[in-house]
Amino acid sequence: MLFTLYLFYSPAKWICKAFRIRETLVDDILIDVRNAVAYDDFRHVKDKKILLLPQCLRHPNCKARCDPIHGYECKRCGLCDISRISEAADRCNFQVFVIPGGSFVKKIFNEYKPEACLGVACYNELSENMQAVSFIPVQVFFF
């Protein structure tokens, strides 16, 4: 099923646009199917889990520096929700990465070698990166 969705991804987006159907519908379906397929495997991973957050969640006055491999290193200053998310992630054994773009996903995977990934991003980033990390259980959410 996933193969079929990826095979017809671009034509389906074009059809939605042609018939004035919400283009993100194709991404919604793809993401929901991927999440459902990987859910049980994701639940059972105990170690080496990562949480990928987009940089757009950062506060405008954020003082975090951007590492060329790991992305922004949150100082947990409390200006934005990333510090609270990071604290909850620590309790659930997730390593948190705040990344400025999809190119960081491969760098983080090469360096950290996670066994499971939880990602938050916009539609385009999720669709592209879910396919790139399909070799491990992934759960993603979009905003």
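This is a predicted model: local features need pLDDT of at least 70, side-chain atom pairs count only at pLDDT 80 or more; totals for chains, interfaces and linings use all residues.

User: How many salt bridges does a search of the whole structure find?
Analyst: The search turns up 4 salt bridges. One of them pairs Asp27 with Lys13, with the closest N and O atoms 2.7 Å apart. Asp27 sits in helix H3 (residues 24–44) and Lys13 in helix H2 (residues 9–18), so this pair ties together parts that are 14 residues apart in sequence.

User: Is Asp27 buried or exposed?
Analyst: Asp27 counts as buried, because its relative accessibility is 0%. Lys13 counts as buried too, at 16%, given that the cut-off for buried is under 20%.

User: What does Arg22 form a salt bridge with?
Analyst: Its partner is Asp28, and the closest N and O atoms are 2.6 Å apart. Arg22 is partly exposed at 45% relative accessible area, while Asp28 is buried at 13%.

User: Switching to H5. Which residues are buried there?
Analyst: Phe104, Val105, Ile108 and Phe109 are buried in H5. Looking down the helix axis, the buried residues fall within an arc of 135°, so they line one face of H5.

User: What's on the face turned away from the buried side?
Analyst: That face of H5 carries Ser103, Lys106 and Asn110, which are exposed. After H5 comes Lys113, with a positive phi near 50°.

User: Now the largest pocket. What volume does it have?
Analyst: About 250 Å³. It is lined by 22 residues, and the closest to its centre are Ile99, Val120, Ala121, Glu125 and Asn129. Strand E1 (49–54), E5, helix H6 (123–132) and strand E6 (138–142) each give two or more residues to the lining.

User: How does that lining split by class?
Analyst: It has 16 nonpolar, 5 polar and 1 charged residues.

User: Last one: where does Glu115 lie, and what does it touch?
Analyst: Glu115 is in the loop between helix H5 (103–112) and strand E5 (116–121). Leaving aside residues up to four places away in sequence, Glu115 touches Val45, Asp47, Lys48, Ile136 and Pro137. Glu115 and Pro137 are 22 residues apart in sequence, with their C-alpha atoms 7.2 Å apart. Glu115 is partly exposed at 42%.

Key. Residues are numbered from 1 along each chain as its sequence is written. Side-chain values use heavy atoms; hydrogens and water are left out. Helices (H or I, at least four residues) and strands (E, at least two) are DSSP runs, numbered from the N terminus. Buried means under 20% relative accessible area, exposed over 50%, partly exposed in between (1.4 Å probe, protein chains only). Contact means heavy atoms within 4.5 Å. The arc is that of the directions from the helix axis to the C-beta atoms. On a 1 Å grid over the protein atoms alone, a cavity is a set of points where a 1.4 Å probe fits but cannot get out, and a pocket is an open set with protein on both sides within 12 Å along at least five of seven lines; lining residues have an atom within 4 Å of a point. Grid points are joined across faces, edges and corners, and a volume is the space filled by probe spheres set on the points. Ala, Val, Leu, Ile, Met, Phe, Trp, Tyr, Cys and Pro count as nonpolar, Asp, Glu, Lys and Arg as charged, and the others, Gly among them, as polar. A salt bridge is a side-chain nitrogen of Lys or Arg within 4 Å of a carboxyl oxygen of Asp or Glu.
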